[in-house]
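Dear colleague,

I am passing on the structure we spoke about, together with some notes on what came out of it. Please have it open while you read.

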Amino acid sequence: MITRTRLAAGACALLAALAAGIAFPAPATAGEPTGQDAPKVDLVLDVSGSMRTRDIDGGTRMAAAKQAFNEVLDATPEEVRLGIRTLGANYPGDDRRRGCEDTAQLYPVGPLDRTEAKTAVATLAPTGWTPIGPALLKAADDLDGGNGSKRIVLISDGEDTCAPLDPCEVAREIAAKGIGLTIDTLGLVPNATMRQQLSCIAEATGGTYTSIEHTDELTDRVNQLVDRAADPVVTPVATEGADACAKAPTLESGLYTDREEFGQQRWYRVDVLPGQELRASVSVGADRAVSPSYGVLLRAVTAHGREIVRGEAAGNGRTDVVSTGLRYPKPEIDDADAGKPAAEPVCLQVTNSFSAAPGVKTTPGLPLELTVDVVDGPNQADDVAAFGLGRGWWLLGVLVLVGFLAGLLWGWLSRWRFAVWRTH
């Protein structure tokens, strides 16, 4: 189971650029998109009796879900094959066995007829039990077949009421099938127990959990997840980092996976030519019980051990995955007689500060995902790195100079206005 501040303006701009920069603008030789079939999404909606509760923007939870679904259906990309499954929508009685079988496909996964899907959603009324485990099993069958991306988006306002069929175990079984299916969960006005269960479901398949308390939050998040399903499927390449830079494997642009022991360092090498920029990010997840405080450090250093740039992030137990990234633009060589420039070997060091809870096995290591991208260096004025934040402190000097000149101008204008006032 995968159980996962400095000058304000400059930091925010740099983080924004980093988030945009770890995508794949250039072809990658590892971790390339492999999905050929249309992406599939199954929206699984809890329609149990508790969905009639009025605590979301003055309306019922069911009303919020219906409004969100209508807006999501309007915005669904044409290439996405979308379906809707319900749980607890049909049986209102007290028979546990029947209540725990109450899951049905409201709209089949396939090309989307928005009018028909909206009509189906409009008929829903809060009714019965909360059989999350059985609904997930059926939803996995809804998405069976094909090699495109597959995603279940579960929306619920309560924990499963059909134990001993543990929905976390169901999610683990789905992940173990190796069918590339991701489950994302959204909790409506969650309590601690529900949050724990929905987080567990999502983490088992590498998905995400989101707490929802407003209708617009629900709409925005479901839209994001449906859009994400339309992204190409990327297959990570397994690699094995070394315990020193000199022994590290040389990586090309791509997506890689590895395992890292608690507190261990892993080293990787990337060749960067003058005029190119290295963009890298790493995520380390806790797939077992860990102590609540942890962090991850990603450093780019030269082959001689000098640090070039670093990225670091810390967690406090609210999420079991911690991620960070960095950018390193290597300057061009001005000497035209230097011949063909040689690539610089840049070493990437990944270090984590996770610690195992008492009695927890430390092997195998924690799952690590590393993104490497080497692209042409920034040369546009709207690129943060090209503007100077990635190359040094000259931008700070420009800002100081501009402020100084502005102060002189303002002082001169103030004295001139005072002189004019005195003469009149």
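Predicted model: local features only at pLDDT ≥ 70, side-chain atom pairs only at ≥ 80, totals over all residues.

Residues are numbered from 1 along each chain as its sequence is written, and side-chain values use heavy atoms, with hydrogens and water left out.

The mean pLDDT (the predictor's confidence in each residue, from 0 to 100) is 82 for the protein, and 82% of its residues reach 70 or more. Please note that pLDDT stays under 50 over residues 1–29 and also over residues 380–392.

Helices and strands here are DSSP runs (helices H or I, at least four residues; strands E, at least two), numbered from the N terminus. The axes (lines fitted to C-alpha atoms, for helices over the stretch in contact, with angles from 0 to 180 degrees between N-to-C directions) of α2 (residues 61–75) and α8 (residues 215–229) come within 9 Å and cross at roughly 35°.

A search of the whole structure finds one aromatic pair (ring centres of Phe, Tyr or Trp, the last by its six-membered ring, within 6.5 Å; planes under 30 degrees apart are stacked, over 60 edge-to-face, the rest tilted). Tyr294 and Phe354 are stacked, at 4.5 Å centre to centre and with 10° between the planes. Because Tyr294 lies in strand β13 and Phe354 in the loop between β16 and β17, the pair ties together parts that are 60 residues apart in sequence.

How values were computed
Contact = heavy atoms within 4.5 Å.
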